[in-house]
Structures are given as C-alpha cells and as structure tokens.
Amino acid sequence: MTEGHTPLFHERKSYRRRRLIDMIRMLPLIGAFLWAVPLLWPSGKDSATPTSLAIIYLFAVWLGMVLLGALLARLLKKAEDQDPDRGT
Amino acid sequence: MATLNILVAVCLIYVTFLFVVAFAAERAAKQGHGGWLRSPLVYTLSLSIYCTAWTFYGAVGYAARSGLEYLTIYIGPSLVMVGWWWILRKLVRIGRSQRVTSIADLISSRYGKSNLLAVGVTLLAVIGTTPYIALQLQSVTLSFDVFSGSNEVAGSIVDRDSTALWVAMGLTLFTIVFGTRNLDVNERHHGVVIAIAVEAIVKLFALLAVGVFVVWGLGGGLSETLQRIDASEIGMWEMRGDRWASLIFLSAAAFLCLPRMFQVMVVENDHESYLRTASWAFPAYLMVMSLFVVPIAVLGLDILPEGSNPDLFVLTLPLATGREGLAMLSFLGGFSSATSMVIVASLALSTMVSNHIVMPIWLSATGGGAKISGDVRNVVILSRRLSIAAVVALGYLYFRLSGGGTALASIGLISFAGVAQFLPVLLGGIFWRGATRTGAFAGLSVGFLVWAFALLLPSFGSGVLISQSVMDNGLFGLAWLRPQAFFGIEGMDPLVHAVMWSISLNTLVFFVSSLVGFPSPLERLQGAQFVNVYEHSRRPQGWSGSAAQSEDLMIMAQRILGAREAQNLFEREAQRQGVSGYLPDPSPDFLQILERELSGSVGAATAHAMIGQIVGGASVSVRDLMAVADETAQMMEYSSKLEAKSEEQARTARQLRQANEKLTQLSVQKDAFLSQVSHELRTPMTSIRAFSEILRDSEKLSGQEKVKYSSIIHDEAIRLTRLLDDLLDLSVLENGQVNLNTQTGVLVDVLDHAISSALTGSSDTRLTVRRRKSHEVVHMTTDLDRLAQVFINLIGNAQKYCDADPAELTINASLSQGQMLVDFIDNGSGISKEDQAVIFEKFARVGEMKAGGAGLGLAICREIMARLGGSVSYLPGQGGAAFRVILPLAASKTTL
Amino acid sequence: MGKRVLLIEDEPNIIEAISFILSRDGWSVSTHSNGHDAVDVVKESTPDLLILDVMLPGKSGFDILKELRETTSAETLPVLMLTARGQKADREMAERAGASRFMTKPFSNSEVLDAVRELVGS
C-alpha cells in the first residue's frame with residue numbers, strides 16, 4: 001500500500017497489540033508445560049536426578065516466567081498508550 | 001537467651017507499629033493525599049497474604065518430608081498470575097462493574113442474585129477457613145513455645161491456650177478497628193491493605209535473612225549447600241506425577257477461590273492496570289519466598305537433633321546456633337504471616353456472613369424494605385463486627401478442640417480442596433452463559449459432600465468422625481462408596497483421589513444440571529452481563545418500576561448509605577434527569593445505579609430484594625430480555641441508539657410536563673393572589689367598620705364595652721399594617737431593591753434569638769426544640785437579622801402546623817463543601833408531594849388550614865435566602881416536614 | 001320578636017360584631033365557628049335564619065349550603081352568605097349553591113340588619 005494511510009498504521013499497531021495479548025495468553029501454558037517436564041525425568045533409586053539440578057531447573061523456569069511476564073506487561077502498556085482504539 | 005517478656009514486648013511493639021501504620025494510612029486516605037497508598041506495588045504486596053504461617057513455617061517442614069513438592073503450592077498461583085489475561089482480568093472487571101463485595105456476592109449476583117446460593121457459599125467458606133485460622137493461631141503458639149522452651153525459667157508461665165486467646169483477641173480488635181471503620185461503598189480498607197503490605201515485607205525479609213544465614217553462614221556457600229542438599233535424604237528427585245499436577249491445580253484453584261484472596265485481589269483492587277504489574281511481580285515474590293526453603297530444611301535435618309519438628313526449623317536453626325536476633329526476626333516473620341491471614345480472612349468472611357446471613361435475617365425480622373426504622377448502617381457495622389469476632393472465635397474454638405495437634409498440620413491442603421469447589425461455579429459463571437443457579441447449587445453441593453466425605457472427615461483419623469467400617473467397606477456397606485476408593489479404584493493418593501472426584505463430579509453435575517434446567521430472566525440477564533462484561537459492562541440491569549416511589553427509595557437509601565451520601569446521590573441523579581429538587585424519577589437507569597450503590601453496602605442479593613420490595617412487580621422488562629437475546633453487535637448498537645433517543649424524548653416530555661404544570665399552577669395562583677389579597681384585607685376591615693359604626697351609633701355603651709371595641713379596632717388595624725408590611729417586604733425583596741445589613745456573627749446566637757422570638761411571641765409554646773449547639777458554632781458574615789427572620793418563620797411554621805403530640809422540632813447544623821446547612825425537621829405528618837411544589841409560592845397554605853398568617857412567610861424566606869446567596873428548600877423523606885436552609889460561607893465572606 | 005339566628009363564621013371579631021348588632025335588634029343569636037359539623041348544627045338548632053361565611057376551616061360555605069339544600073328540613077331556610085373575596089365568580093357560586101342573599105365584607109351594620117329583617121319577614 002502507499003504511505004500516508006494512517007488507518008493502516010493504526011491497524012498495524014492494534015494487530016501488534018493483539019499478538020502481544022496472544023503471547024500473554026500463551027505464557028501460563030508454556031509455564032505449565034515447562035514445570036511438568038521434570039515429571040519425565042528418571043526417578044528410580046539409581047538413575048535419579050539430583051535435587052540441586054531440579055531446584056536450578058524449576059527456579060530458572062520461574063525466573064524466565066517473571067522476566068517474560070514483566071517484559072510483556074511493559075510492552076502491553078506501551079501499546080495501549082499508543083493505540084487509540086484499544087478495545088478488550 | 002531471650003526471655004518471654006522480651007518476646008511479648010516485641011510482639012506488642014510490632015502490633016502497635018501496625019496500628020500506627022494502618023491509622024496513618026486511613027488518615028492520609030481521608031485527607032485525600034493517599035495516592036501512594038494505592039499503587040501496583042502495594043497491591044502486589046497485599047496479595048502476599050497467600051503466604052500464611054502455613055507457608056512461612058510449614059514449607060520447610062513440607063520440604064523436609066516430601067522434597068520439592070512444596071513448590072506446587074507456589075507454582076499454581078504463579079501460573080494464575082502470569083495468565084492474568086484469562087481469568088483475573090475478567091474477575092476484576094466484573095468485581096468493579098458490579099460492585100462485588102465478596103466471592104459469595106459474586107456467585108449469588110451471577111446466578112440471579114440468589115441469596116440462598118450466597119448463604120451456601122458463605123457457610124462453605126466458613127467451614128473451609130475456620131481450620132485455617134486455627135492453624136495460624138497454632139503456629140503463633142508453637143513459635144512462642146520454642147522461645148519459652150529455650151528458657152527454662154520463663155517457660156512455666158507460658159500457657160498455649162492463653163497465648164492463642166490473646167492473639168485472637170488482638171487480631172479481632174485490629175480487624176474491627178480498621179475493617180469496619182466505615183461502611184465504605186467500595187468496601188475498601190486502606191488501613192488494612194497497607195498493614196498487610198508492610199507485613200508482606202517483614203515476612204519476606206525475615207525468611208530471606210534466615211535463608212542467607214543458613215546458606216552462607218551455616219552451609220558454607222552456595223555450591224557447598226547444593227552438595228549438602230544432594231547428599232541429604234531428599235537429595236533425589238522423586239515426584240509422583242499425579243500429586244505434582246493435582247497440587248499445582250489445587251493451589252491455582254484455591255488462589256482464585258479463597259475468600260481472603262478474593263478480598264485483596266478483586267474487592268480491594270483499585271485499578272485494573274495494577275494486575276499488569278502484579279502479574280509478574282507476585283510470581284517473583286513467591287519465587288523469592290520459596291528460594292531458601294530447601295536449604296533451610298536440609299541444614300535443619302543435618303544440624304538439629306533427630307526428632308526436631310521440621311515445621312519450626314526457620315526458628316530453631318538460628319536459635320540453636322545462638323543467633324537470637326535472627327530468631328527474633330524470623331519469629332516476627334511468622335507472626336506477621338499469621339496475623340495478616342487472620343485479619344483479611346476474618347474481614348472477608350465477616351462481609352459474607354453479615355451481608356448474606358445476618359442482614360437478610362434482620363431485614364425480614366424487622367419487616368424489611370422501606371418500613372425499617374433507624375439507621376441501617378449502624379446495624380450493618382455492628383453485624384460486621386460481631387461476624388468478625390465470631391469468625392475468629394470459631395478459629396480459636398477449633399484450635400482448642402482439635403488440641404493443636406497434628407490434625408492441624410494437614411489442614412492447609414484440605415482447606416484448599418474445600419474452597420476449590422467454588423472453581424467450576426466461578427469459572428462457569430464468568431465464561432459460560434448457560435450456567436444456571438440450579439446447576440451451581442447442585443454442583444457445589446455434590447462437590448462439598450464428596451470433599452467432606454473423602455477428605456475432611458477421614459482427616460480426623462478413622463473412627464473419630466467416620467467409622468473404620470465405612471472406611472473399609474464404604475458408606476451403607478456399598479463398596480464403591482469407600483471414602484478413599486470411589487468406584488473401587490484403589491491405590492490412589494487420598495488427596496489426589498478426593499480432589500479429582502470432588503472437582504470432576506462437581507463440574508459434571510454443575511454442567512448437566514445447567515444444560516437440563518432453564519434459567520430465570522434475571523439469571524440470563526446477569527449471565528450476559530458477567531460473561532460479556534467487556535462488551536457491555538454498562539447495560540441496563542432492568543428495573544421497570546415506574547410505580548416506585550422516589551421518596552420511599554430515598555428513605556431507604558438514607559438509612560443504608562447515610563443521609564448526606566443518599567441526598568447527594570439523589571440530587572445528582574435528579575439533576576442528570578433534569579428534574580429539580582431531591583427526587584429523581586425512578587427510571588430503570590436510576591434504580592440500577594441506586595441498587596449498585598446499595599449493594600456496595602449490603603450485598604447484591606439484599607439490595608435487589610430491598611429495591612424489589614419498594615418498586616414491586618417485575619424486575620426485568622421485555623426490553624432487557626431482548627437485549628440479552630440480541631447477539632449481534634449491530635442490533636445492540638441500533639437498539640441502544642433507539643433507547644437513548646426514546647429516553648431523551650421521555651426526558652424532554654417530562655420537563656415540558658413539569659413546566660406546563662408549573663405554569664398552570666402559576667396562573668391559577670395569580671388569580672388566587674388578588675382574591676387572597678382582597679380577602680386578607682377585607683376581613684380585618686369588616687371588624688373595624690362594624691365596631692366603629694357600633695361606637696358611633698350606640699349611645700348606651702358601657703365604658704368597658706367601649707374600651708373592648710376600640711381595642712378590637714386597634715388590633716385589626718395592626719393586623720392590616722402587618723399584612724401590608726409583609727406585602728411590601730416581599731415586593732422589595734422580589735425587585736431586588738433590598739439593602740443588606742451585613743454583620744459577622746455565630747450561628748448559635750442567631751438560632752437562640754430566633755427560637756426565643758418565635759416561641760415567646762405566641763401563647764402556644766408546646767413545641768420542643770432539639771439542637772446540637774456544638775455543631776452550631778459557625779462563624780458567618782451575612783445579614784443576621786434577615787437570616788433570623790427566616791429561622792423565626794420556619795420555627796413558627798413548625799409550631800403552627802406540626803400535628804404531632806408532643807411536637808418536636810430538630811435543628812441540625814452542618815458544613816458541606818463551603819456551605820452551611822441548617823435543617824429544620826419536625827415530627828408531624830409532613831407535607832404532601834403536591835403541596836411541596838407550591839408551599840414557597842405567595843399565599844400558598846397547606847390544605848384548608850387557617851393559622852393566622854397570610855401565607856407569605858415561606859415566600860419571604862425564599863426571597864431572603866436568594867438575596868443572601870443561599871436557598872431554602874423542602875427536604876423530602878425525613879419523616880415530618882423538613883426545610884433545609886443553605887448559606888454559602890465563602891460568598892458571605894466576600895460581601896464583607 | 002325573638003327570632004333565632006345561627007351565625008357560622010370563624011373570625012372571632014366578626015362574630016362579636018354581628019352578634020352585638022343582631023341581639024341589640026332583638027334577635028337571639030347562636031354561633032358556630034367551623035365547617036366540619038356545620039350542617040349537623042344547623043339541622044339540630046333549626047334557626048329561622050342562617051348567616052354563613054364562605055371561607056371556613058374544614059368545609060367551605062358553598063359546600064355546606066349545597067348539603068343543606070339537599071335535606072328537606074332546610075330546603076327553605078333563608079341563608080345570608082358572607083364573603084371577603086367579593087368577586088363575580090363568588091356571587092355566582094353562591095347563587096348556584098342556593099343562597100338567599102349574598103353580602104361582601106366589609107358591610108355596614110344597617111345593611112346587615114336590613115338584609116336579615118327582609119329575609120325573615122318575607
């Protein structure tokens with residue numbers, strides 16, 4: 001399309017915002033999946049995973065969730081401030 | 001060694017500190033500079049009441065026994081928070097747009113404002129929370145024990161029960177003071193929220209301090225500690241997948257459904273955008289809270305003697321290594337975890353108990369609706385306070401009866417599973433329009449029965465509340481009804497078993513009953529409002545009662561919201577409708593707004609019932625049902641445009657009708673005015689003429705008769721003069737030619753003067769005047785004589801027309817927004833609505849009463865007040881006749 | 001003569017004046033000062049003449065008169081109406097209600113005497 005079409009510009013922005021929200025929606029699903037991964041680890045008496053590793057993995061997922069969540073929240077705020085036709 | 005006295009002193013200082021913080025917050029909020037009180041940070045910290053003493057002390061014990069399973073309790077809520085866009089955002093939006101006061105209120109409101117459902121949810125919430133409160137009391141007493149145990153001398157003084165009692169009483173006091181200070185329309189409590197935010201910091205700091213000490217002080221650094229962990233008895237990753245998954249689910253569900261979480265998350269939420277911050281900040285808080293749990297557990301197992309209670313490692317580790325200060329800090333952390341939970345839980349539960357159980361009973365016992373007498377607010381506050389005391393007392397009782405033993409330790413998860421039963425009904429209510437009240441009731445009942453049978457009763461030990469034969473052979477000997485092996489599926493973990501069956505049967509019954517049944521119109525309407533909250537959070541809720549009496553509504557609203565609040569609301573709404581005075585038309589819009597305001601104070605179901613009682617008849621109009629049925633946005637928009645238009649027309653028509661009525665009345669009055677003047681002049685003249693002729697024509701009059709007749713002539717001449725004075729006064733006032741004699745004075749003096757002139761001028765002094773002189777010390781600069789003239793007139797009217805026996809006149813003075821308000825309220829039968837419209841007109845007398853005046857008094861009053869920059873108006877809904885004089889203080893100062 | 005006049009009027013001073021004038025002329029005057037039970041009082045006391053004010057507390061003079069004219073015992077009772085409003089409309093209303101004579105306040109004493117004599121004499 002040609003430049004000077006401001007509506008297109010807005011649409012693009014609200015498109016970005018909607019995809020951002022999709023990402024926010026996905027976040028808990030990703031988290032649930034990652035936190036379920038340790039269940040697949042071997043847990044017999046001999047080949048078991050040491051607890052320290054489990055701690056490091058679980059907390060790393062946690063930290064990742066927090067950082068990603070913070071980043072998305074920031075981006076969303078920016079998008080909402082800019083997007084005039086913010087809906088639901 | 002810390003003596004018990006020091007411990008008690010620290011507790012007292014800490015609690016005093018909380019009181020001060022809460023008090024300062026309340027004060028700041030009241031003075032309007034409390035902006036910082038409400039921030040995303042405070043909101044996030046207030047969510048931390050999720051971390052109770054059970055998590056502060058218990059998590060370490062949990063880890064010592066079952067390894068990393070304790071993390072599930074924190075992971076569930078983290079997932080809910082991170083996924084805020086799904087559920088929390090909608091809950092908060094609904095909570096704000098519907099003025100929800102509790103989770104019971106939300107559920108009852110969604111399912112057709114059913115109070116039965118609210119009562120059910122409230123009872124279940126109380127059952128689910130009481131053991132949890134007991135658990136907090138136990139944790140405080142245990143931590144006291146640890147300190148006193150380490151000090152042999154003071155140990156004998158300590159008595160567990162009395163410790164728990166003192167703590168319970170202190171918490172009750174705190175909650176009552178800051179939780180029921182005022183009946184806030186928004187049900188928000190600045191003091192409480194800021195206090196629990198402070199407690200959140202204290203417990204986080206305490207746990208971190210202990211953790212840092214353990215890892216770097218005792219464990220010898222990070223890698224050392226990790227090695228020790230792997231070498232310990234919980235060193236291997238062993239996790240049952242079913243427990244891991246169902247515990248994460250359970251804690252997530254409980255996070256949404258716990259009454260106290262609902263209180264801080266939805267009810268106390270000030271702005272939807274806070275969620276955005278809390279969505280990552282709260283998981284971060286939980287992460288930090290659980291970071292050092294395993295190291296503390298492992299080192300506790302290592303260092304402390306065999307058989308030490310791992311639930312108290314957080315406290316005993318620093319004590320055993322001689323870190324008194326750290327132990328004290330840790331004790332404070334546990335103390336604040338326990339106290340913040342009890343405060344918010346009892347606050348949330350008391351709102352539910354009071355709104356859904358006590359108030360409905362009280363209202364039906366007293367006749368309810370508009371017939372109630374007195375200020376309902378006092379009753380509501382009293383019932384809240386009693387409910388708080390009762391909830392905490394229940395917790396204390398449970399603590400006493402259960403003996404504070406191990407039965408309590410497992411109660412955390414049992415309690416979670418109990419409140420999690422709200423989840424299907426809650427989520428179904430906000431995501432599925434087909435959910436019905438019958439379904440909700442059936443689902444909740446089944447879920448709770450299964451939970452009680454499979455989890456709660458067996459938790460007391462077999463043979464206590466549930467017999468061994470039932471455990472082994474099932475209920476009524478039916479093998480498929482064994483509490484821990486439904487349908488013969490054995491070998492499941494009891495908790496997983498109970499959670500799975502209770503939630504799935506709950507959901508199934510809820511779903512099927514909803515499918516089969518048919519919702520009432522109100523349920524469908526509320527369902528549409530909840531599920532589609534983003535599309536139409538402002539759609540009409542559907543009172544169609546044009547038959548409602550605004551004055552009755554005002555009487556009721558005053559008793560619940562308070563007189564000032566209600567008058568402001570009614571005046572504002574009347575203005576919005578373009579109606580003058582205090583009484584707006586009972587349009588559906590207005591009724592909806594009023595209902596929401598009321599529901600902020602007494603809950604949706606009660607507010608709905610009270611308005612229904614006054615409005616009467618159907619509550620949902622055909623138009624509203626069509627709005628529900630209309631699915632397409634286009635139709636919605638079209639119909640709402642039409643609606644707006646027809647409302648606009650109706651409003652214009654109403655204004656025209658009002659104007660017309662007034663004009664007709666005025667023209668009738670103009671005719672009446674002349675005829676009245678004629679009458680008022682001719683009557684005294686008749687006497688004057690008759691007696692002067694008698695004096696002139698009769699020769700045989702006695703001296704006594706002569707004196708008598710001439711004094712009649714004299715009196716009637718004075719009466720004529722007075723009438724002419726009044727007419728002239730009025731004419732001067734109306735033309736604005738009056739000179740004001742501005743002076744400075746105090747209201748109390750003006751009233752004193754007015755009352756003495758009004759009452760002594762007449763032989764008839766049966767009127768009792770009630771005043772509160774302390775409120776009357778208002779300095780003002782205005783024409784004091786004219787003001788007194790108005791007061792004399794109003795008092796005189798009460799004296800003449802008040803038909804009660806004994807007659808009483810109450811004078812209330814108050815200040816509002818730079819204005820002085822003086823209300824004159826008598827206890828007579830008041831003035832009818834038709835007469836209210838004309839009493840300020842000239843010669844308007846109420847009814848056929850003839851009481852000596854010419855009917856010019858109120859007309860003069862109105863003109864005087866207009867000259868003084870204020871007003872005098874009739875105040876409806878006060879019981880008797882009531883007049884309000886308003887005088888702006890600022891304006892009167894500028895005339896100086 | 002000793003004819004009995006009943007005066008229904010609520011202004012005490014006017015009652016006093018009319019009573020004085022009429023009793024000096026030999027009438028026996030009884031008075032009543034409210035509208036509520038005026039009709040009953042008239043029926044009971046069966047006066048030879050009724051003087052009736054229009055503005056009365058409780059019930060207007062017109063209503064009282066209408067009611068009286070509907071009862072047989074008072075059908076022909078001469079009635080002198082007094083009003084302080086003196087407008088045409090009032091006079092017409094009085095006639096319609098069945099007043100024998102209509103008089104506007106203030107009146108001269110001789111006017112009253114003449115009217116009363118005339119009404120009872122005829």
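**Notebook: chain contacts and a helix pair**

I looked up the contact of chain C with chain B and found 18 residues from chain C and 17 residues from chain B; two residues are in contact if their C-beta atoms, placed from the backbone, lie within 7 Å. This is a predicted model, where local features need pLDDT of at least 70, side-chain atom pairs count only at pLDDT 80 or more, and totals for chains, interfaces and linings use all residues. I number residues from 1 along each chain as its sequence is written, with chains lettered from A in the order in which they are written.

On the side of chain C that touches chain B, helix α1 (residues 12–24) of chain C gives the most, with five residues. Helices are DSSP runs (H or I, at least four residues), numbered from the N terminus. I sorted that side of chain C by class and got eight nonpolar, six polar and four charged residues. Ala, Val, Leu, Ile, Met, Phe, Trp, Tyr, Cys and Pro count as nonpolar, Asp, Glu, Lys and Arg as charged, and the others, Gly among them, as polar.

Next I took chains A and B: 31 residues of chain A are in contact with 31 residues of chain B. The elements of chain A that give two or more residues to this side are α1 (6–36) and α2 (51–82). α2(A) gives the most, with 15 residues. By class, I read 22 nonpolar, seven polar and two charged residues on the side of chain A that touches chain B.

Last, I checked a helix pair within chain C. C:F62, C:L65 and C:K66 in α3(C) meet C:M93, C:A94 and C:A97 in α4(C). I count five nonpolar, no polar and one charged residues in that contact of α3(C) with α4(C).
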